[in-house]
Amino acid sequence: MATPDTRTQILDAAEHLFAEHGYRGTSVRAITKLAGANLAAVGYHFGSKAELMAAVARRVIEPINAAQCAGLDTLLARTPDPPVSELVEAFAGPLFDEMPADDEGGARTSRLIVTILSDPAEEARNWTGPAEDSVRERYLAAFARALPGLSPQELRFRMRGILAVTAVDRLEVHQQPSPGCGSPAAGEAARRWAITFLTAAMSTPPTRT
């Protein structure tokens, strides 16, 4: 098996450390030490720590985005107005597929997504570009047609909820259960339950102000 190149080693190390310690809790020195690279390598390959964070996030998110796009394309080829349940399945399903319960890579992905959603550092959240924006906007448009009573602001909030619920569920699956607590559900059962729950949450009438 070929040895990973320096850029890949830095990405692997950064993904691990960002997922464990967050953006601000991870230093460039710690990344290069884990990667077995010199300190200048981050600047050479990525330009800055913020750009490295963006590269790590995109490497994790791109397969999910591609599957989400493919799922939406399939739905729209059948009907211009897919129902909420099918939109939720197409949007949330790839998150389960990319964070399998029996895989350390899936555990790391779930931790990293939680970091992206919750880290107070702007660099952890403001990394998206045109590709990521396109996926989000396409789903927002499809959900808006299926849920015409929701304001754009509440619709965006609910879509963030899909990401948060799925990532936290996968994170819990990968953690050791506390004494006296049962193990969380994994696999297809958890996926079905999540889709049912998230469909109901998305379909709830607009919040009254």
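These legends go with several close-up views of a predicted model.

View 1. The protein chain holds ten helices and zero strands. Reading from the N terminus, the elements run α-α-α-α-α-α-α-α-α-α. Of the 209 residues in the chain, 39% are buried.

View 2. H1 covers residues 6-21. Its end C-alpha atoms are 22 Å apart, which agrees with the 22 Å that its 16 residues should span at 1.5 Å a residue. The buried residues of H1 are Ile10, Leu11, Ala13, Ala14, Glu15, Leu17, Phe18 and Ala19. Just after H1, look for Gly22, which takes a positive phi of about 80°.

**View 3. This stretch carries an annotation from a record.** An unreviewed UniProt entry gives residues 27-46 the annotation "DNA-binding region". In the model, the chain over residues 27-46 is 70% helix and 0% strand.

**View 4. The largest nonpolar core brings together 31 residues**. Ile10, Phe18, Ile31, Leu52 and Leu112 have the most contacts inside this core. Helices H1 (6-21), H2 (28-35), H3 (41-46), H4 and H6 (104-118) are the elements that give it two or more residues. H4 gives the most, with nine residues. Domain 1 (1-47) and domain 2 (60-203) both give residues to the core, so the core lies between them. In soluble globular proteins, nonpolar side chains tend to be buried together.

**View 5. Which residues does Ile10 touch**? Leaving out residues up to four places away in sequence, Ile10 touches Ile31, Ala35, Ala37, Ala41, Val42, His45, Phe46 and Leu52. Two of these partners, Ile31 and Leu52, are also named with Ile10 among the residues with the most contacts inside the largest core.

**View 6. Helix H4 has a kink along its length**. H4 runs over residues 49-78 and has 30 residues. From its first C-alpha to its last it reaches 43 Å, close to the 44 Å expected at 1.5 Å a residue. Where is the kink in H4? A bend of about 35° lies at Ile61, shortly before the proline Pro63.

**View 7. Asp81 sits in a loop between two helices**. This loop joins the view of H4 to that of helix H5 (84-97). Asp81 has 47% relative accessibility, so this residue counts as partly exposed, a class that runs between 20% and 50%. Asp81 and Ala144 are 63 residues apart in sequence, yet their C-alpha atoms are 9.8 Å apart in space.

**View 8. Helix H5 is largely enclosed by the rest of the structure**. Why can we say this of H5? Ten of its 14 residues are buried, so the rest of the structure largely encloses the helix. The buried ones are Val84, Leu87, Val88, Ala90, Phe91, Ala92, Gly93, Pro94, Leu95 and Phe96. H5 reaches 20 Å from its first C-alpha to its last, close to the 20 Å expected at 1.5 Å a residue. A kink of about 30° lies at Phe91, shortly before the proline Pro94.

Definitions and conventions:
Residues numbered from 1 in each chain as written. Heavy atoms only, no water. Helix = DSSP H or I, 4+ residues; strand = E, 2+ residues; numbered from the N terminus. Expected span 1.5 Å × (residues − 1). Bend = angle between axes of the 7 residues up to and from the residue. UniProt positions renumbered as here; feature names shortened; annotations may be inferred. Core = buried A, V, L, I, M, F, W, Y, C linked by side-chain atoms within 4.5 Å. Buried < 20%, exposed > 50% of the residue type's maximum accessible area, 1.4 Å probe, protein only. Domains from an automatic or database assignment. Contact = heavy atoms within 4.5 Å.
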